[in-house]
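Keep the structure in view while reading.

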Amino acid sequence: MSGAQNEARIRTKANRDLPSTGRRRLTAGEGFALGLAVIASSAAAQPFGDPAGLPVAWFTGVAGILLALVAAFALFNRGARGRPVARSGRRHEGFDQGLARLAVGFVNPPGERQADALAQALMLACELSGGDRAHLWRFDEEQGLAQCTEQWSRGGIDPVERPSEVTIRDRSPAWLAKLGAGEVIAMPRASADSKYSGLVRALVAERKPRSLLVVPLIVAGRLIGWIGIEAVRRMRRWSDDEAVHLGNLASLLAAVSERDRIAAERTTTELRYREAIEDIREVVFQTDADGHWTFLNSAWERITGFSVADTLGQSALDFMHDVDRRFGWISLRTLIRREVDQFRYQLRFVTRDGRERWLEANVRLRLGPDGQVLGLRGTLMDVTERKAADEEIHKLAFFDALTGLPNRRLLLDRLQQTLASSGRSGQYGAILFIDLDNFKVLNDTHGHHMGDLLLKQVAGRLQGCVRRNDTVARLGGDEFVVMLTQLSAEAEQAAIQVGIVGEKIRAALGLPYDLAGLDHRSTPSIGATLFVDHTLSIEELLKRADVAMYEAKAAGRNALRFAEPAS
């Protein structure tokens, strides 16, 4: 399949899977979510025989984690002839939305093949940077070995026959140190840049591009690889903003790569598990019928800090977190009573030094020759790092990276729940659409970093104006939405309540801002609409609030306007 055909195939598939995003619908060029399938399975341990003697059977360990990367593309919205119509600001905003959808794809995997996933990831990098070819590299610092694991080229651009592995004999070249420090390397004139000639030779072999951009993949301060982006048809100079946005993409890919690395380490460990139970990474345990430890391997001490000798004879529940202890007790009791044959849950255990570790417990009954219950057996797998990675992906998927507020996706989910609740209770809710007046002037005059400072402060002030059960979300740019819940069941009284909150917001956002020493004033234009039950769709509610906001702007800004009642 040619490069052009491959690109067209990926674009067509991306457009077909593109989700709706509410009031601002995305075009076919604005993005596509990535996919991540997280599959973790752990089989139960085989009987260990007499607890007083040596174990006589092996357990089957953890199957690992399968990660599927898919790339989103298109921060340039192109027409049928490829004519760019998106501005730089919209492109950056579109990338932020695409990055969020990318993370959502990791949470909700579409089951894409890995080759397609990586191709789409590299296509996204090229679309963001204006590059013609992209390649993904994995780097082993201990062996000094760099491996090119995937390449992608635009239609009409020939792929490069580059070596699949490159040994970096000089362990301290300037370019490697710079990537290791997390810095992006941009070479507008790749062939003439003698400072990084070693990097050019390593990445692109003999066919040098006009320009080269290299974005590092960093995990826990360690360089694990990089993305190389080549401009072949014309020289390309990359802005700092583009480098930052590509760095965000690289950070997400690095997090997923780390999970892949952890899975690979588990696989390697599992190949050796038959040597001895003591050599495995997971805790292998047995208990008596009362839930007291009767056997533990040395992994218990490595993970929790408690010695095996001091732990044997104690109740397993004593080592669980207070919040999880009752759930653990109920689960163990249902097993002992033979109400279920096995269970697998994630529980928090407290280590010797007081830290919390998430352990995935895979537990089965241990039966005697006559079928009597002798106790329990199973494994405990430390999934603390995996839980942290999942939480980070969830944060990127459902929260705005700049302000920490819920994003559009989470807002729509909460709004759907609020509509259902309103239908049951008969109480009104409300949406306030907020747009900062003259925000563009601040960005153009003092730079986007000042605009970002203002948006962060606005987010904090909005949260201070509402109750805990209300929602403050950022849709993008200088647009915010406040959703009020559990208002009066009387429309007139509910409107009064919304007016009070709206004026409170208007006053709070109108106070002076200190933006890194710059005294700045800003005002909001606010559009509001009431809702109860599912009288109007979510799309219509947001549209009505948006229209009311523009009426506030037309009235001179710094005002609150209500949408006309639905007919």
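## Helices across the sheet

The model is predicted. Helix 9, made of residues 322–336, lies across strand 9, strand 10 (356–367) and strand 11 (373–382). Its direction is at about 150° to strand 9. Helix 10 (residues 384–398) also lies across strand 9, strand 10 and strand 11, and runs at about 125° to strand 10.

## The sheet

Strands of a sheet pair through backbone hydrogen bonds, in either a parallel or an antiparallel way. Here five strands form an open sheet in the order 8-7-11-10-9, with antiparallel pairing. Strand 8 (293–296) and strand 9 (342–350) are the edge strands, and each of them pairs on one side only. On average, neighbouring strands of this sheet are turned by 25° against each other, direction ignored.

## Helix 9 in detail

The length of helix 9 can be checked. It has 15 residues, which at 1.5 Å a residue should span 21 Å; the C-alpha atoms at its ends are 22 Å apart, so the two values agree.

Which residues of helix 9 are buried? They are D324, G328, S331, L332, T334 and L335. Seen down the helix axis, the buried residues fall within an arc of 155°, so they line one face of helix 9. What covers them includes strand 9, strand 10 and strand 11. The face turned away from the buried side carries D322 and R326, which are exposed. After helix 9 comes R338, with a positive phi near 65°.

## Helix 11

Helix 11 (residues 408–425) has 18 residues. From its first C-alpha to its last it reaches 25 Å, close to the expected 26 Å. Just after helix 11, G426 has a positive phi of about 80°.

The buried residues of helix 11 are R408, L410, L411, L412, L415, T418, L419 and S422. What do the buried residues of helix 11 pack against? Their partners are helix 10, helix 15 (538–554), strand 12 (429–436), strand 13 (471–476), strand 14 (479–484) and strand 17 (524–531). Helix 10, one of these partners, is also the helix that lies across strand 9, strand 10 and strand 11 at about 125° to strand 10.

Notes:
Residues are numbered from 1 along each chain as its sequence is written. This is a predicted model: local features need pLDDT of at least 70, side-chain atom pairs count only at pLDDT 80 or more; totals for chains, interfaces and linings use all residues. Side-chain values use heavy atoms; hydrogens and water are left out. Two strands pair if DSSP finds at least two bridges between them. Helices (H or I, at least four residues) and strands (E, at least two) are DSSP runs, numbered from the N terminus. Axes are lines fitted to C-alpha atoms, for helices over the stretch in contact, and angles run from 0 to 180 degrees between N-to-C directions. Contact means heavy atoms within 4.5 Å. The expected span of a helix is 1.5 Å times one less than its number of residues. Buried means under 20% relative accessible area, exposed over 50%, partly exposed in between (1.4 Å probe, protein chains only). The arc is that of the directions from the helix axis to the C-beta atoms.
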